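Good morning, and thank you for coming. Please look at the sequence and the structure as I speak.

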Amino acid sequence: MMIARCSLFPPPCFSAVRIRCFAGETSDTGILFREKLIYLQDLNVDPHKALRVNPSLRSAPISSVVSVETLLSSTGLSRPAVGRILDMFPDLLTSDPESEILPVLRFLSNEISISEQDIPKSISRCPRLLISSVDYQLRPALTFLKTLGFVGRDTITSRNTVLLVSNVERTLIPKIEYLEEGLGFTREEVAKMVVRSPALLTYSVDNNLVPKVEFFIEEMRGDVKELKRFPQYFSFSLERKIKPRHRLLKEHGILMPLSEMLKVSDGQFNHWLLELRLRSAERR
């Protein structure tokens, strides 16, 4: 896919007065600064937050900000989506599109083979991609993920490019090691788990994996082999879904595989629970 080169022409929404300022017809720095603030507000970017987080924005020419919007819009992102991203990461407002943003877009397109239609989805789902170094962050993460099995039909897609912004040494490896050491699984078994449920690599060990494993083993008396078969278990809320449903099943003396217990909606679960209770009553 060819990523369009950024243009320095102002977007269509620019008013005539702002175009004159943009084109350099005035040298009044006060006017130019006010026009820059108005431009940011039009994008739904909080100017005060942006200036606080990125002081360089104060002296940056408005043309540099416009060039960033133009490039992001060229990928297919809507203007509201661009504004949301720039509000989240104000440092992007003074970035160099050619040397800082384009390399990320080319990496997604050329090295991961994400289609032109899916590039906006990747960016919208994980805007942090745009402030990540290809050489020091994205490519090392991709190399590590490939060793786990994210290749071929299981390759990284627009749905899970969020994994690419995870630090290999500090974030990914500790999760892999916990699943190996905490559950007694082999690296191959863990690799199959994370490929089936990539979100596993985004969860906190202390706040997600550990408490859910402890509850499963200590309260549910579960066999860890079931976690290997259904790694999606970790994607469900412990307090809002796992504990309440386990409590209901326990109260009625009903055993149910994790997948059946958790994947269905509340309505379907309650319907199944009622049916199981009626069958149990009939057998008595």
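I shall speak about the salt bridges and then about the nonpolar core.

This is a predicted model, in which local features need pLDDT of at least 70 and side-chain atom pairs count only at pLDDT 80 or more, while totals for chains, interfaces and linings use all residues. Residues are numbered from 1 along each chain as its sequence is written, and side-chain values use heavy atoms, leaving out hydrogens and water.

Side chains of opposite charge can pair when their charged atoms come close. A salt bridge here is a side-chain nitrogen of Lys or Arg within 4 Å of a carboxyl oxygen of Asp or Glu. The structure holds 11 salt bridges.

Lys228 pairs with Glu189, with the closest N and O atoms 3.0 Å apart. Lys228 lies in helix H12 (residues 224–229) and Glu189 in helix H10, so this pair ties together parts that are 39 residues apart in sequence. Helices are DSSP runs of H or I with at least four residues, numbered from the N terminus.

In another salt bridge, Asp135 meets Arg139, with the closest N and O atoms 2.7 Å apart. Both residues lie in helix H8 (residues 134–148), 4 residues apart, or about one turn of the helix.

Let us turn to the core, a set of buried Ala, Val, Leu, Ile, Met, Phe, Trp, Tyr and Cys residues joined through side-chain atoms within 4.5 Å; buried means under 20% relative accessible area (1.4 Å probe, protein chains only). The largest nonpolar core has 84 residues, and Leu164 and Tyr233 have the most contacts inside it.

How values were computed:
Buried means under 20% relative accessible area, exposed over 50%, partly exposed in between (1.4 Å probe, protein chains only). Helices (H or I, at least four residues) and strands (E, at least two) are DSSP runs, numbered from the N terminus.
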